[in-house]
Amino acid sequence: MSPRLIATVLAAGILGLSVAACTPVGVAVGAGAAGATATQKEKGFAAAVDDTRIRAELNALFFRTNADLFQRVSFTVEEGRVLLTGRVVKPEARLEATKLTWTVRDVREVINEIQIDDESGLTDKGRDAWIATKLRARLLVDDQVSFINYSVDVVNQTVYIMGVARSEAELQRVLGTARDITYVRQVVEFVRVAPPK
């Protein structure tokens, strides 16, 4: 077989896989590819398959819910931790992306690095950043809170907390910490409480 023919066959195979990626068969093929890659990683086969499933569910959910957000946001999934990147026009879209991501089963952490192209003033952005940093720092050092289970976002001095609480007591502690920070106008939570083990 000539090198040119080999290259053509490989290109056709890759194109076929990329087109099939949005179908159930494509997801299965993707899971198989993730399994092959997992043998080279410490996380193992099961975690790689879970990450592939989470990524596929996120793509389907964003596409169904908000096509514009689907086009603007990218996902990286590693051991149930989801990194969101991209650019959106409104802060509300950034929040919607985080909220949607937390609805997918087995998501353990959401890291939202989506940038906003809005017209908010520097003072507003600075104050929001200050509140978010202060809250994250307090939760990080609180030994009664599992900080990795929460995402914190602040828009116009309203704190949005999303994630999974280990107990109702932990959730109330997180909310109380947020309300106690200077300049916070309101605290809104989208947190589910994990069932007792």
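**View 1. The largest nonpolar core of this predicted model brings together 24 residues.** Those with the most contacts inside this core are Leu58, Phe62, Leu69, Val73 and Leu84. Several elements each supply at least two of the core's residues: helix H3 (44-65), strands S1 (73-78), S2 (81-88) and S3 (109-116), and also H5 and S5. With five residues, H5 gives the most to this core.

**View 2. Here we zoom in on Leu69 and the residues it touches.** Leaving aside residues up to four places away in sequence, Leu69 is in contact with Phe62, Val88, Ala93, Glu96, Ala97 and Leu100. Another core, of 19 residues, lies apart from the largest one; among its members are Ala132, Ile161, Ile181 and Val187.

**View 3. Three strands make an open sheet, in the order S4-S5-S6.** The pairing in this sheet is mixed. Strand S4 (150-155) and strand S6 (186-193) stand at the edges with a single partner strand each, so one side of each has no neighbour in the sheet. From one strand to the next, the twist averages 10 degrees.

**View 4. Let's look at how S5 and S6 pair.** Strand S5 (residues 158-165) runs in the parallel sense with S6, and eight bridges link the two. To find one of these spots, look for Gly163: its bridge partner in S6 is Val191.

Methods: Residues numbered from 1 in each chain as written. Predicted model: local features only at pLDDT ≥ 70, side-chain atom pairs only at ≥ 80, totals over all residues. Heavy atoms only, no water. Pairing = 2+ DSSP bridges. Helix = DSSP H or I, 4+ residues; strand = E, 2+ residues; numbered from the N terminus. Axes fitted to C-alpha atoms, helices over the stretch in contact; angles between N-to-C directions. Core = buried A, V, L, I, M, F, W, Y, C linked by side-chain atoms within 4.5 Å. Buried < 20%, exposed > 50% of the residue type's maximum accessible area, 1.4 Å probe, protein only. Contact = heavy atoms within 4.5 Å.
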